[in-house]
Amino acid sequence: MDNVGIVVDDLGAAVAFFVELGMEVETEAQIEGLWADRTVGLDGVRSDIAMMRTPDGHGKLELTKYRNPAVVGGEAKNPPPNTLGLHRVMFAVDDIDDVVARLRGHGAELLGEVARYGDSYRLCYLRGPEGIIVALAEQLG
């Protein structure tokens with residue numbers, strides 16, 4: 001897999017959120033032209049993207065802000081975790097409490113609480129910018 005793409009309205013806020021999570025901006029670009037139209041099946045595409053890279057360099061997240069055509073809203077503003085479609089993006093972290101506290105500074109809210117899965121993990125789900133659900137996993141031991 002090369003990357004996961006997420007369409008956002010506030011690209012700056014989304015980039016800041018994922019940078020706080022430890023990702024790095026790999027590339028920022030404006031996308032437009034016939035090739036873009038043909039690729040995504042829309043006419044007159046103009047978008048800004050930020051390609052985010054995980055610290056180990058293996059995972060990527062493409063954040064896209066469509067300028068044209070206008071973005072289309074989803075059914076629900078903040079769908080629950082059991083909604084059909086893209087569910088969430090999970091990140092392994094060293095200190096889940098620290099990461100949750102830092103992401104709260106970017107508007108993230110816990111969906112439940114930080115919970116323990118046996119002696120293996122501490123886990124949680126957060127809702128970040130644009131309603132994106134991010135899961136965090138801290139391996140124990």
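Me: Hi! How much space lies in the second largest pocket?
Reply: About 420 Å³. Keep in mind that this is a predicted model.

Me: Thanks! Which residues are the closest to its centre?
Reply: Met-23, Thr-54, Pro-55, Met-90 and Phe-91, out of the 23 residues that line the second largest pocket.

Me: And which element gives the most to that lining?
Reply: Strand 5 does, with four residues. Strand 4 (60–68) and helix 3 also give two or more residues each to the lining of the second largest pocket.

Me: How do the lining residues divide into nonpolar, polar and charged?
Reply: For the second largest pocket, 12 are nonpolar, five are polar and six are charged.

Me: Let's switch to helix 3. Which of its residues are buried?
Reply: Helix 3 covers residues 96–104, and Ile-96, Val-99, Val-100 and Leu-103 are buried there.

Me: Why do they line one face of the helix?
Reply: Seen down the axis of helix 3, the buried residues fall within an arc of 100°, so they line one face. An α-helix has 3.6 residues a turn, so residues three or four places apart point the same way.

Me: What covers them?
Reply: The cover over the buried residues of helix 3 includes helix 1 (11–20), along with strand 6 (109–110), strand 8 (121–127) and strand 9 (133–139).

Me: What caps the N-terminal end of helix 3?
Reply: Asp-95 does: one of its side-chain oxygens lies 3.2 Å from the backbone nitrogen of Asp-97.

Me: Zooming out, how many helices and strands are there in the protein?
Reply: Three helices and nine strands. Along the sequence they follow the pattern β-α-β-α-β-β-β-α-β-β-β-β.

Methods
Residues are numbered from 1 along each chain as its sequence is written. This is a predicted model: local features need pLDDT of at least 70, side-chain atom pairs count only at pLDDT 80 or more; totals for chains, interfaces and linings use all residues. Side-chain values use heavy atoms; hydrogens and water are left out. Buried means under 20% relative accessible area, exposed over 50%, partly exposed in between (1.4 Å probe, protein chains only). The arc is that of the directions from the helix axis to the C-beta atoms. Contact means heavy atoms within 4.5 Å. A polar contact is a pair of N or O atoms within 3.5 Å; within protein, one must be able to donate a hydrogen and the other to accept it, and residues adjacent in sequence count only if both atoms are side-chain atoms. On a 1 Å grid over the protein atoms alone, a cavity is a set of points where a 1.4 Å probe fits but cannot get out, and a pocket is an open set with protein on both sides within 12 Å along at least five of seven lines; lining residues have an atom within 4 Å of a point. Grid points are joined across faces, edges and corners, and a volume is the space filled by probe spheres set on the points. Ala, Val, Leu, Ile, Met, Phe, Trp, Tyr, Cys and Pro count as nonpolar, Asp, Glu, Lys and Arg as charged, and the others, Gly among them, as polar.
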